Structure formats: C-alpha cells, structure tokens
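Biologist: Could you walk me through this structure, beginning with the charged side chains?

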Amino acid sequence: MIDPPKRLAATAALLLAAPAAADEAWLGVYEHDASFSQIRFETGQDIKAGWIGKPIDTLQAIGRPAPHVLLSKSLNGATNYAAAGLNWAFGGTLYARPGIGIAVHDGPSYAVRQGRRVDLGSPVLFEPELAFGWRIGDRAALEASWIHLSHATLFSRQNRGLDSWGLRLLVRLP
C-alpha cells in the first residue's frame with residue numbers, strides 16, 4: 001500500500017498534467033477547518049490552486065458541467081489534499097458555481113482532540129463545493145468559496161468532515 005504523502009504526490013502529478021485545454025486557473029487563500037464545532041480537527045490557513053476546464057458538451061444531459069482539479073496546501077503543517085470533479089456555473093456577471101469531486105489527503109488516519117475522535121475516517125473523500133463569483137472583466141473573476149471534505153459514513157463510521165472557506169482569483173487562460 002502506498003503511504004498517504006506518496007499517494008498525494010502521485011495524484012497531484014496526474015492532476016497537474018490535465019490543464020492542457022484549460023479554461024481558467026485560480027489561486028486562493030482559505031481558512032482551514034473552518035468549523036462551527038467547538039472541537040476543531042486542525043487550524044490554520046491554506047493556499048489552494050486549481051483549474052476549471054471548458055464545459056463538457058457530451059454531458060449536456062446533466063447541464064454541461066466543467067471538469068475541475070485542485071490542490072490544497074496547509075500553511076500550518078495540517079492536512080493537504082488533491083481533488084478532481086465536475087462543477088456547473090449559473091449566471092453571468094454574478095454567478096453561482098456548485099461542484100462535486102473526489103479527494104485524497106495526507107491527514108492522520110487517527111486523531112483525538114479533547115477525548116473525541118476527529119480524523120477524517122478515510123483516505124478517499126467526497127469534495128462538494130460551492131462558490132459565488134463576480135466577473136470583473138473578460139479574463140478575471142473573484143469567488144467566495146466553501147469546500148468540504150467528507151465520506152458520508154460510506155467508508156467508515158468515523159466521518160468528521162473538514163470545511164474550508166476562502167477567496168480565490170480566477171484568470172481565464174488564452
């Protein structure tokens with residue numbers, strides 16, 4: 001079995017090879033584990049970078065989603081992850097962008113805080129996300145974004161989840 005850091009690095013290398021036909025690249029700053037719970041799994045900030053491709057015409061039956069990939073690097077030595085999935089954009093100058101993906105991470109497989117187990121419960125997680133954006137020109141947009149990691153108790157009974165909230169700048173690629 002490949003250990004989590006090597007698995008994350010291998011996945012990141014595959015995902016970074018994808019943007020050849022990219023539509024937009026983005027970079028953002030996020031609050032890591034921005035939970036309303038009193039017991040946080042981890043704390044700190046993340047730098048996230050991603051790519052959003054052009055809508056996939058052959059998936060018109062489900063609204064022509066666009067592929068996306070993202071990499072998240074914790075600035076405080078906490079959980080890093082890579083994800084890939086699909087998202088949909090609704091609107092024009094002001095828009096909403098919901099999405100769903102699959103993520104792998106390098107976080108601990110077992111963690112306890114204040115007597116409660118708080119780890120993510122699985123090395124593979126779902127990655128739902130929601131962004132609200134503003135097109136600030138032909139080639140740029142600013143988004144407020146929420147990204148969640150969880151496995152919905154499908155892979156184990158432990159399902160803490162991890163939320164990140166942040167801002168990201170998108171640039172349309174030529």
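**Charged side chains**

Modeller: Glu143 is buried, at a relative accessible area of 0%. Here buried means under 20% relative accessible area, exposed over 50%, and partly exposed in between, with a 1.4 Å probe and protein chains only. Please note that the model is predicted: local features need pLDDT of at least 70, side-chain atom pairs count only at pLDDT 80 or more, and totals for chains, interfaces and linings use all residues. Residues are numbered from 1 along each chain as its sequence is written, and side-chain values use heavy atoms, with hydrogens and water left out.

Biologist: Which residue forms a salt bridge with Glu143?

Modeller: A salt bridge requires a side-chain nitrogen of Lys or Arg within 4 Å of a carboxyl oxygen of Asp or Glu. Glu143 has such a bridge to Arg97, where the closest N and O atoms are 2.9 Å apart. Because Glu143 belongs to strand E11 and Arg97 to strand E6, the pair ties together parts 46 residues apart in sequence. Strands (E, at least two residues) and helices (H or I, at least four) are DSSP runs, numbered from the N terminus.

Biologist: And Arg97, buried or exposed?

Modeller: Arg97 counts as buried, since its relative accessibility is 4%. Arg97 also meets Glu24 in a salt bridge, at 3.4 Å from N to O. Glu24 sits in strand E1 (residues 22-31) and Arg97 in strand E6, so this pair ties together parts that are 73 residues apart in sequence. Glu24 is buried too, at 2% relative accessibility.

Biologist: How many salt bridges does the count come to?

Modeller: The count is 8 salt bridges. Another of them joins the side chains of Arg168 and Glu129, 3.5 Å from N to O. That pair links distant parts of the chain, as Arg168 is in strand E12 and Glu129 in strand E10, 39 residues apart. Arg168 is buried at 1% relative accessibility, and Glu129 is buried at 5%.

Biologist: Which residues are linked in a network of salt bridges?

Modeller: The network of salt bridges links Glu24, Arg97, Glu129, Arg135, Glu143, Arg168 and Arg172.

Biologist: Let us turn to His105. Where is His105 found?

Modeller: His105 is in strand E6, which covers residues 94-105. With a relative accessible area of 4%, His105 is buried.

Biologist: What does its side chain reach, for His105 and Gly107?

Modeller: The side chain of His105 reaches the backbone nitrogen of Gly107 at 2.9 Å. A polar atom of that side chain also lies 2.7 Å from the backbone oxygen of Ser122.

Biologist: New topic. How many aromatic pairs does a search of the whole structure find?

Modeller: The search of the whole structure finds 2 aromatic pairs. Trp26 and Tyr30 form a tilted pair, 6.5 Å centre to centre with 55° between the planes. Trp26 and Tyr30 are both buried. Trp146 and Trp165 form a tilted pair as well, with 6.3 Å between centres and 40° between planes. Since Trp146 is in strand E11 and Trp165 in strand E12, that pair ties together parts 19 residues apart in sequence. As for the cut-offs, rings of Phe, Tyr and Trp (its six-membered ring) pair if their centres lie within 6.5 Å; planes under 30 degrees apart count as stacked, over 60 as edge-to-face and the rest as tilted.

Biologist: What are the relative accessible areas of Trp146 and Trp165?

Modeller: Trp146 is partly exposed, at 23%. Trp165 also counts as partly exposed, at 43%.

Biologist: Now the surface. Which residues form a nonpolar patch there?

Modeller: The patch consists of Leu94, Trp134, Ile136, Leu142, Leu167, Leu169 and Val171, with about 650 Å² of accessible area together. Patches are made of residues with over 30% relative accessible area and no salt bridge; like charges are joined within 9 Å, and nonpolar side chains (Val, Leu, Ile, Met, Phe, Trp, Tyr) within 5 Å. Accessible areas come from the Shrake-Rupley method with a 1.4 Å probe, and for residues only the protein chains shown count as cover.

Biologist: Which strand gives the most to the nonpolar patch?

Modeller: Strand E12 (residues 162-172) gives the most, with 3 residues. Ile136 lies instead in the loop between strand E10 (129-135) and strand E11 (140-149), and at 42% relative accessibility Ile136 counts as partly exposed.

Biologist: Finally, what does the secondary structure of the chain come to?

Modeller: The chain has 1 helix and 12 strands. Buried residues account for 43% of its 174 residues. The chain exposes about 9200 Å², 65% of which is supplied by carbon and sulfur atoms.

Terms used:
A polar contact is a pair of N or O atoms within 3.5 Å; within protein, one must be able to donate a hydrogen and the other to accept it, and residues adjacent in sequence count only if both atoms are side-chain atoms.
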